[in-house]
Amino acid sequence: MEYTFQIPIRPQVKQRPRFNGHAYTPKKTREFEKILSVYFSKIKRPLPFALEIEIDFVFQKPKRAAKSYPSRGDLDNYAKAVLDSMNKKVFEDDSQVVRLTCSKRFGESDLICVKVTRINDA
């Protein structure tokens with residue numbers, strides 16, 4: 001079983017929680033995760049088994065790239081934003097993810113590619 005998602009949006013990192021008497025997630029992160037969750041809702045109910053997830057973060061290449069790779073943001077913070085938006089849509093809990101592969105690169109346009117694969121028990 002495999003699901004593939006191509007989400008035409010500029011990748012964003014998961015921002016750190018803010019504190020104002022209580023902890024809260026910043027608005028920009030909440031809105032980003034809400035957009036992603038709409039794409040993941042094509043899976044009718046959360047999958048109940050171990051999963052492998054591959055995420056490719058594609059950034060539109062600027063006219064003058066200073067480096068051969070996108071340097072903004074830590075890869076793990078990009079992945080966290082995507083995984084959090086998958087919670088209760090693709091899986092019940094992110095502890096079900098037993099293999100995670102992520103990459104970030106330049107491309108023609110901003111895009112997040114996600115592949116979810118069931119891990120078969122041996």
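Here are some notes on the predicted model shown above.

1. **Ground rules.** Since this is a predicted model, local features need pLDDT of at least 70 and side-chain atom pairs count only at pLDDT 80 or more, while totals for chains, interfaces and linings use all residues. Residues are numbered from 1 along each chain as its sequence is written, and side-chain values use heavy atoms, with hydrogens and water left out.

2. **The layout.** You'll find two helices and six strands here; these are DSSP runs numbered from the N terminus, with helices being H or I of at least four residues and strands being E of at least two. Starting at the N terminus, the order is β-β-β-α-β-α-β-β. The radius of gyration is 15 Å, close to the 14 Å that the globule rule gives for 122 residues, so the protein is as compact as a globular protein of that length. That radius is taken over C-alpha atoms, and the rule is 2.2 Å times the number of residues to the power 0.38. Along the principal axes, the C-alpha atoms fill a box of roughly 45 × 40 × 25 Å.

3. **The core.** Which residues touch the most other members of the largest nonpolar core? They are Met 86, Ile 112 and Val 114, out of 27 residues in that core. The elements giving two or more residues to this core are β1 (2-7), α1 (27-40), β4 (51-60), α2 (75-86), β5 (97-107) and β6 (111-118). Helix α2 gives the most, with six residues. A nonpolar core here is a set of buried Ala, Val, Leu, Ile, Met, Phe, Trp, Tyr and Cys residues joined through side-chain atoms within 4.5 Å. Buried means under 20% relative accessible area, exposed over 50% and partly exposed in between (1.4 Å probe, protein chains only).

4. **Met 86 up close.** Leaving aside neighbours within four places in sequence, Met 86 is in contact (heavy atoms within 4.5 Å) with Phe 40, Ile 53, Phe 91, Val 114 and Val 116.

5. **Contacts across the sequence.** Take the contacts between residues at least 6 apart in sequence: 85% of them join residues at least 24 apart.

6. **A glutamate to check.** Not counting residues up to four places away in sequence, Glu 33 touches Lys 14, Ala 81, Asp 84 and Ser 85. Across the protein, buried residues make up 37% of the 122 residues.

7. **A backbone detail.** Have a look at Lys 88, in the loop between α2 and β5. Lys 88 has a positive phi of about 70° although it is not a glycine.
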